[in-house]
Amino acid sequence: MPWRRRRNRVSALEGGREEEAPPEAAAVPSALLTSPQQTEAAAERILLRGIFEIGRDSCDVVLSERALRWRPIQPERPAGDSQYDLLCKEEFIELKDIFSVKLKRRWSVKQQRSGTLLGITLFICLKKEQNKLKNSTLDLINLSEDHCDIWFRQFKKILAGFPNRPKSLKILLNPQSHKKEATQVYYQKVEPLLKLAGIKTDVTGSTNVLAHSLHGVPHVITATLHIIMGHVELVDVCTFSTAGKLLRFGFSAMFGFGGRTLALAEKYRWMSPNQRRDFAVVKALAKLKAEDCEISFLPFNSSDDVQERRAQGSPKSDCNDQWQMIQGQFLNVSIMAIPCLCSVAPRGLAPNTRLNNGSMALIIARNTSRPEFIKHLKRYASVKNQFNFPFVETYTVEEVKVHPRNNTGVYDPEEEEDETASENCFPWNVDGDLMEVASEVHIRLHPRLISLYGGSMEEINDSKVTRETI
């Protein structure tokens, strides 16, 4: 919807203490209707019509089934006055962009209860650049209690009719994230918006790669508004199993260097998150070694009939599907069902994937020298292609089986203590959690299995702006 800033939406009546929008709430810009929109508006059923002061203008305000429209009331002018026609252009906001409504009042010291009614404040979600969302306000000024009560009740009824918007949430906070400021960020920026939207919360005590991939930007207000507005995305999910036994669900996994680095970091929990991450990377590079593996995978079939069949039926492989196999010495194996945006990879660990296209990225780094492998890792933080190396291979797949063929990851008492694996187990990094498995791991994609609050993946991947994680 085209938006044009006309002037700040401020209350025409000033003075005294009023109900205010939360911090960072900006005034809502206005929008001009084009001819097709005017035609569509005429076909909508009108729910209410009345006069409010918006900005500094007295306006004829119409509430229809899908939008709130207003036009300044002006003295009659001769026909064909282009300047007058421009001033009287009808403006609107769509009802789906409103997430809360409050009665606007002003209190004085002598008033103990309700205060003086000024009108109605609408709280609105606006789209900004770079996939960001912004909370704004629009004041409808009218001093009539009866008039405002009718409109207020109608707005509340409309807001209650949006099916995807949550009524209550269980909030998981990681107190160590964002330089140990996560709790402060939540109570200062997130909770006020949730309360404003009338959402009940139960705060308990965490992965950021998934959140970053869902929203495209590390912006806490954007993430909160996606939840409040009920913006839902269907997301692909993987199952991890061994010997027919389900181990867990997840979105991404790393075996080899990625798994060893996490296993090392887990042994130094007394360090700060950034310190133990950097320490583990350096130590894993110092002891860099390849895993002898056999990797089988089922290539992604993008034909519509196959994808529809798999989306509606069983995720099990069809008998006609052709598995492929590669084997050798691998420094790292990554399987990603989502782009995995993060601070070390602003474009994503798997930038060519989507949230729900029914495929996974299989990224393999074969054995090479330590300097060449470090060059490959550094490319993730730049705009250069991290896969443009002769030892790196990428595949688009639906299923993967990783079968270690030696005991390099298994504890050996004859060697220096191996800090990266428990006895008889190989370390995996699954969504930032350590998973230790002794044998083959089977990763299978389940298209659009769950619904999560977030934005459009196409918009996120098309953005050229460098991102950093919270």
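Predicted model: local features only at pLDDT ≥ 70, side-chain atom pairs only at ≥ 80, totals over all residues.
Reader: What makes Lys 104 and Asp 139 a salt bridge?

Author: The closest N and O atoms of Lys 104 and Asp 139 are 3.6 Å apart. A salt bridge needs a side-chain nitrogen of Lys or Arg within 4 Å of a carboxyl oxygen of Asp or Glu, so the pair qualifies. The structure holds 16 salt bridges.

Reader: Why is the pair Lys 104 and Asp 139 said to tie together parts that are 35 residues apart in sequence?

Author: Because Lys 104 sits in strand β7, residues 98-107, while Asp 139 sits in strand β9, residues 133-141.

Reader: How do you know whether Lys 104 and Asp 139 are buried or exposed?

Author: Buried means under 20% relative accessible area. Lys 104 has 6% and Asp 139 has 7%, so both count as buried.

Reader: What makes Glu 145 and Arg 105 a salt bridge?

Author: Their side chains meet at 3.5 Å, N to O. The cut-off is 4 Å, so this is a salt bridge. Glu 145 belongs to helix α3, residues 145-159, and Arg 105 to strand β7, so the pair ties together parts that are 40 residues apart in sequence.

Reader: Why is Glu 145 called partly exposed, and why is Arg 105 called buried?

Author: Glu 145 has a relative accessibility of 40%. Arg 105 has 12%, which is under 20%, so Arg 105 is buried.

Reader: How do you know that Glu 372 and Lys 375 form a salt bridge, and where do they lie?

Author: The closest N and O atoms of Glu 372 and Lys 375 are 3.3 Å apart, within the 4 Å limit, so the pair counts. Both residues lie in helix α11, residues 370-379, three residues apart, about one turn of the helix.

Reader: What makes Glu 94, Lys 96 and Asp 97 one network?

Author: Salt bridges that share partners join Glu 94, Lys 96 and Asp 97.

Reader: Why is the lining of the second largest cavity classed as nonpolar?

Author: The lining consists of Leu 95, Ile 98, Phe 155, Ile 158, Leu 159 and Phe 162. Leu, Ile and Phe count as nonpolar, so the tally is six nonpolar, no polar and no charged residues. Helix α3 supplies the largest share of this lining, three residues. The space in the cavity is about 30 Å³.

Reader: What makes helix α8 mostly covered?

Author: Nine of the 10 residues in α8, residues 257-266, are buried. Among them are Phe 257, Arg 260, Leu 262 and Leu 264. Over the chain, buried residues make up 47% of 470 residues.

Reader: How many disulfides does a search of the whole structure find?

Author: The search finds zero.

Reader: Why are Cys 59 and Cys 340 called buried?

Author: Cys 59 has a relative accessible area of 1%, and Cys 340 is at 1% relative accessibility. Each value is under 20%, so each cysteine is buried.

Note on methods
Residues numbered from 1 in each chain as written. Heavy atoms only, no water. Helix = DSSP H or I, 4+ residues; strand = E, 2+ residues; numbered from the N terminus. Buried < 20%, exposed > 50% of the residue type's maximum accessible area, 1.4 Å probe, protein only. 1 Å grid on protein atoms, 1.4 Å probe; cavity = no way out; pocket = protein on both sides within 12 Å on 5 of 7 lines; lining within 4 Å. Points joined across faces, edges and corners; volume = space filled by probe spheres on them. Disulfide = S-S within 2.5 Å.
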